Amino acid sequence: MMRFLRRTFGRGSMRRYQSPGERDRRGRGGIGTLPQPHPHLHQQQLHHVPTVVTGGAVVHIPAAGNSKSVLTCRVLLLDGTDVSVDLPKNAKGQDLFEQILFHLDLVEVDYFGLQYMDTEQVAHWLDFTKPIKKQIKNGPPYTLHFRIKFYSSEPNNLHEEFTRYLFVLQLRQDILSSKLKCLYDVSVELAAYCLQAELGDCDPPDHSPELVSEFRFNPKQTEAMELDIFQKWREFRGKSPAQAELSFLNKCKWLEMYGVDMHVVKGRDGCDYALGLTPTGILVFEGPNKIGLFFWPKITRLDFRKSKLTLAVVEDDEQGHEQEHTFVFRLDNAKSCKHLWKCAVEHHAFFRLRQPTHGRAGKNDFVRLGSRFRFSGRTEYQATHGRLRRTSTFERRPSKRYPSRRQSTVKASNPAKAAHLSAQNNPDANIYPAQYKQNIPSAHEHWHAGHPVHPAQQLHPAHPVGGRKPTPDDRKARKPSNSRDEKYRYVQEQNGKNSGGAPSMMYQDNLMTTL
């Protein structure tokens with residue numbers, strides 16, 4: 001493997017693929033430019049818009065004191081909550097982060113960060129040591145996303161149930177956005193854990209596979225998958241929400257792309273590759289294929305100059321002697337290169353070190369040249385060996401619900417009513433302003449009529465749901481309602497049954513009344 005990587009990215013072989021003009025510019029102290037890819041290749045391949053998997057709310061945190069000059073930041077949390085924070089105009093990233101942590105009552109804070117988009121729609125992490133308005137150019141108001149920055153290498157080391165709940169929300173978003181891919185059987189099991197954590201034990205008289213179709217767990221979710229999810233959900237009877245979420249995390253940690261932070265680079269041949277930052281090291285991908293791994297202990301130097309990133313890796317030869325090999329990667333521009341370098345430095349410090357280094361860079365430091373940036377947070381070792389509070393309580397927010405497959409079939413047969421119901425079925429979409437609309441992904445639309453429906457499953461007054469005998473609730477559901485308030489109360493009662501008695505944020509037409 002090392003021979004292939006040296007042949008592909010070795011510094012000594014880079015000149016072989018340069019034109020005479022590029023070699024002349026290099027000789028005069030500049031960096032030659034490679035053929036430019038599509039202008040937004042980075043975000044097209046690797047950037048995934050955060051996906052809202054739970055119903056959100058709007059929260060405003062006013063500025064302290066009577067300051068008239070304020071800086072407004074809008075932060076979208078993992079549960080869909082839209083938090084607006086007013087800060088002094090010269091506030092730093094740490095000030096905003098502390099306000100969010102106080103709002104969440106979060107203790108294990110070292111795994112999380114605030115992410116924003118630059119003018120080219122490339123995601124960056126907010127630097128807590130610098131003023132906000134000097135980092136974000138889009139605003140005010142400045143839009144950010146609270147999300148996981150470092151995925152725990154061992155979720156069992158997460159002490160608090162609330163922290164594990166946030167990890168579950170983030171991983172559900174990663175799966176829905178196709179950032180984290182998993183096999184069919186794994187996807188079914190993960191979805192069943194989510195249902196067990198949110199709705200409790202599966203009760204066939206009240207629950208059916210149609211209930212599963214109101215949730216979104218996978219971008220390629222089908223009716224057959226929902227039936228398998230329902231069957232798997234029945235097997236998890238007796239698990240508490242905390243146990244189901246821990247099982248979810250322990251399943252996710254074995255996925256190949258769990259916690260991998262991907263960045264597009266170019267090799268010496270001008271072809272596109274990807275570097276994936278992980279807790280164990282740096283992965284090298286050629287398309288979907290993993291072709292190499294640089295372990296953190298083997299990386300002795302990491303620096304950048306303009307758009308060129310350089311790695312120095314040691315390897316034992318056949319005689320057992322260590323040999324150092326240098327690998328060179330190129331990016332589209334110097335800004336992207338520095339961003340990748342900073343992410344690599346932070347991953348190395350968080351997962352590899354016991355405590356960060358705060359002194360000046362020495363001759364033998366891991367990072368040198370190019371920047372004075374140093375990781376300023378705590379490491380994973382410090383995070384897992386900190387003090388714990390005795391007790392903590394929190395409320396899980398219900399998942400965002402969609403019309404079931406049966407509702408979609410009814411809508412298709414009555415197009416005039418479909419547009420009206422569509423607006424009522426997604427009332428939470430209206431609480432987000434224009435810049436938040438992209439967080440409700442277009443891939444998660446209502447179910448289409450193209451899904452096959454067995455004749456036995458068609459709605460008919462004489463054929464109850466799922467082939468079971470009519471219950472008083474079924475007969476009540478088929479009676480015409482003379483009052484809108486009466487219908488609303490009935491829907492709320494049915495929603496309470498389906499959610500195990502948990503508080504509900506569902507709306508009138510967003511739930512089947514005969515589940």
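Let me start with a term: helices (H or I, at least four residues) and strands (E, at least two) are DSSP runs, numbered from the N terminus. With that in hand, K306 sits in the loop between β11 (299-305) and β12 (308-316). Its phi is positive, about 55 degrees, although K306 is not a glycine.

A word on what we are looking at. This is a predicted model: local features need pLDDT of at least 70, side-chain atom pairs count only at pLDDT 80 or more, and totals for chains, interfaces and linings use all residues. Residues are numbered from 1 along each chain as its sequence is written, and side-chain values use heavy atoms, with hydrogens and water left out.

Back to K306. Is it buried or exposed? At 45% relative accessibility, K306 counts as partly exposed. The cut-offs are these: buried means under 20% relative accessible area, exposed means over 50%, and partly exposed lies in between (1.4 Å probe, protein chains only).

S178 is another case. It has a positive phi of about 70 degrees, and it is not a glycine. Look for S178 in the loop between α5 (161-176) and α6 (184-199). S178 is partly exposed, with a relative accessible area of 28%.

Now the strands. Take β2, residues 70-76. It is mostly covered, with 5 of its 7 residues buried. Two strands pair if DSSP finds at least two bridges between them. β2 is joined by 7 bridges to β3 (residues 82-88), and the two run antiparallel. Together β2 and β3 form a hairpin with 5 residues between them. In that turn, G80 has a positive phi of about 90 degrees. Across the pair, R74 stands opposite S84 in β3.

β2 also pairs with β6. Here there are 4 bridges, and the strands run parallel. V75 stands opposite L144 in β6. As background, in a regular strand the side chains alternate between the two faces of the sheet.

Next, salt bridges. The term means a side-chain nitrogen of Lys or Arg within 4 Å of a carboxyl oxygen of Asp or Glu. How many salt bridges does a search of the whole structure find? It finds 16.

R74 comes back here. It forms a salt bridge with D82, the closest N and O atoms being 3.0 Å apart. Both R74 and D82 are buried. R301 and D303 form a salt bridge too, at 2.6 Å between the closest N and O atoms. Again, both R301 and D303 are buried.

Compare E235 and K232. Their closest N and O atoms are 3.4 Å apart, in a salt bridge. E235 and K232 are separated by about one helical turn, because they are 3 residues apart in helix α8 (residues 223-235). E235 is exposed, at 54% relative accessible area. K232 is partly exposed, at 24%.

There is a network as well: salt bridges link E161, E245 and R396.

Last stop, the surface. Which residues gather in a patch of positive charge there? They are K89, K133, K134 and K137. K133 lies in the loop between β5 (123-125) and β6 (142-148). It is partly exposed, with a relative accessible area of 34%. K137 is also placed in the loop between β5 and β6. K137 is exposed, at 57%.

One more distance. K137 and Y116 are 21 residues apart in sequence, and 9.9 Å apart in space, C-alpha to C-alpha.

For the record, here is how patches are built. Patches are made of residues with over 30% relative accessible area and no salt bridge: like charges are joined within 9 Å, nonpolar side chains (Val, Leu, Ile, Met, Phe, Trp, Tyr) within 5 Å. Lys and Arg count as positive, Asp and Glu as negative, while His and the chain ends are not counted.

Definitions and conventions:
Areas by Shrake-Rupley, 256 points an atom, 1.4 Å probe, with all protein chains shown as cover. Charge placed at Lys NZ, Arg CZ, Asp CG, Glu CD.
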